[in-house]
Amino acid sequence: MNTIFGRLGRKPRLSLVERQKLLQAATRLHSEGVTETEIEAFLADHAGSPEDAVAICAEARTRFERDVASAVPLPPTVRLPINFYFALGVTPRASVDRIRAAYRRRAREVHPDKHRAEMNGDDWNRLMAVVSDAEQVLTDAAARRAYDVHWLNRSRRETAANATPKERRGDWATRYHWYLAEVAEIEDRLELALSDLHSAIDKGQPWAGPASQVGDLLEDYEARVLHIRTQTYAAPDTHQEIATRVRRELQRNDAVISDARRLLGELASGANPVVAMTSVTRVTVHLAAAGAAHRRFEIEELQEAIAA
């Protein structure tokens with residue numbers, strides 16, 4: 001029989017036992033973080049057909065996600081239309097240390113004690129609860145994995161509802177918040193690089209290294225801002241409101257980029273140290289203003305989600 005299938009160029013049909021073994025192997029690969037493309041390639045070498053490989057991979061993913069979701073209970077706030085990562089202003093790739101630092105900053109910004117004079121004090125209490133839950137979940141490895149599965153499923157549903165034949169990525173809100181969180185990460189690194197540059201100039205030390213680091217980060221920063229702005233014009237009508245708000249927020253980044261370019265030009269032409277430090281300070285001030293504006297934007301988005 002195997003000889004016949006070999007002559008026909010097809011593999012024999014999988015037995016139930018063989019399929020179960022492949023399903024278990026694929027589930028384990030999902031748990032190890034192997035990509036679906038790699039899992040399907042592995043299965044294609046052992047399964048009866050490419051269709052079998054795709055089907056087993058999908059079934060294994062469902063099994064893995066079900067096991068993860070049932071292993072760790074998540075707080076009720078996960079039912080809100082709020083991504084825990086973006087509630088803290090970080091990306092899903094953020095380290096635990098960065099998540100904790102982001103939590104401390106966000107907690108200071110939204111703590112109810114700072115907003116007692118406002119009429120919507122209950123909203124601040126709910127927002128603080130979300131921020132606290134986000135920190136607790138995302139700094140626990142098992143809970144974080146369960147949460148990632150939870151939001152991935154939610155994002156898939158959003159994508160299915162909004163995708164078009166020309167644009168398969170339908171979860172536009174998640175995409176924009178992820179982009180802005182990436183920009184915030186670059187801003188933090190750029191702020192440190194500017195501080196190092198200011199210190200070097202002030203102390204009369206060689207500043208070429210810090211200046212080069214500022215230049216590299218600026219290139220990345222400018223490219224990210226341009227990419228986000230371009231993406232906002234591709235958003236469907238259902239997401240034009242948030243796309244317009246994102247473009248408005250990016251205007252502050254333009255001032256940072258312009259001043260930083262001027263600073264690097266001054267350094268390249270051998271500017272007076274006092275003038276150079278003044279320029280560094282100007283860029284730092286604009287950078288801080290842009291970061292603060294982004295955080296206000298994120299908090300407003302969170303408040304709207306809680307109130308919805």
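In which helix does Arg108 lie? Arg108 belongs to helix α6, which covers residues 96-110. The structure is a predicted model, in which local features need pLDDT of at least 70 and side-chain atom pairs count only at pLDDT 80 or more, while totals for chains, interfaces and linings use all residues. Residues are numbered from 1 along each chain as its sequence is written, and side-chain values use heavy atoms, with hydrogens and water left out.

**Overall make-up**

The protein chain contains 12 helices and zero strands, where helices (H or I, at least four residues) and strands (E, at least two) are DSSP runs numbered from the N terminus. Of the 308 residues in the protein chain, 43% are buried; buried stands for under 20% relative accessible area, exposed for over 50%, and partly exposed for what lies in between (1.4 Å probe, protein chains only).

**Helix α2**

Helix α2 takes in the 16 residues 16-31, which at 1.5 Å a residue should span 22 Å, and the 23 Å between its end C-alpha atoms agrees with that expectation; the expected span is 1.5 Å times one less than the number of residues. The buried residues of α2 are Leu22, Leu23, Ala25, Ala26, Thr27, Leu29 and His30. After α2 comes Gly33, which has a positive phi near 85°.

Ser95 sits in the loop between α5 (84-88) and α6, and Ser95 is partly exposed at a relative accessible area of 41%. Ser95 and Leu138, although 43 residues apart in sequence, have C-alpha atoms 9.4 Å apart in space.

Arg108, in helix α6, counts as exposed because its relative accessibility is 53%. Together with Arg100, Arg104 and Lys114, Arg108 forms a patch of positive charge on the surface. Such patches are made of residues with over 30% relative accessible area and no salt bridge, like charges being joined within 9 Å and nonpolar side chains (Val, Leu, Ile, Met, Phe, Trp, Tyr) within 5 Å.

**Salt bridges**

A search of the whole structure finds 18 salt bridges, a salt bridge being a side-chain nitrogen of Lys or Arg within 4 Å of a carboxyl oxygen of Asp or Glu.

| Pair | N to O distance |
|---|---|
| Glu185 and Arg98 | 3.5 Å |
| Asp188 and Arg98 | 3.0 Å |
| Arg252 and Glu249 | 3.2 Å |

In terms of cover, Glu185 is buried with a relative accessible area of 16%, whereas Arg98 is partly exposed at 22% and Asp188 is partly exposed at 21%.

The remaining pair in the table is placed within one helix: Arg252 and Glu249 are three residues apart in helix α11 (residues 240-268), and are therefore separated by about one helical turn. An α-helix has 3.6 residues a turn, so residues three or four places apart point the same way. Arg252 counts as partly exposed at 36% relative accessibility, while Glu249 counts as buried at 8%.

Methods
Areas by Shrake-Rupley, 256 points an atom, 1.4 Å probe, with all protein chains shown as cover. Lys, Arg positive; Asp, Glu negative; His and termini not counted. Charge placed at Lys NZ, Arg CZ, Asp CG, Glu CD.
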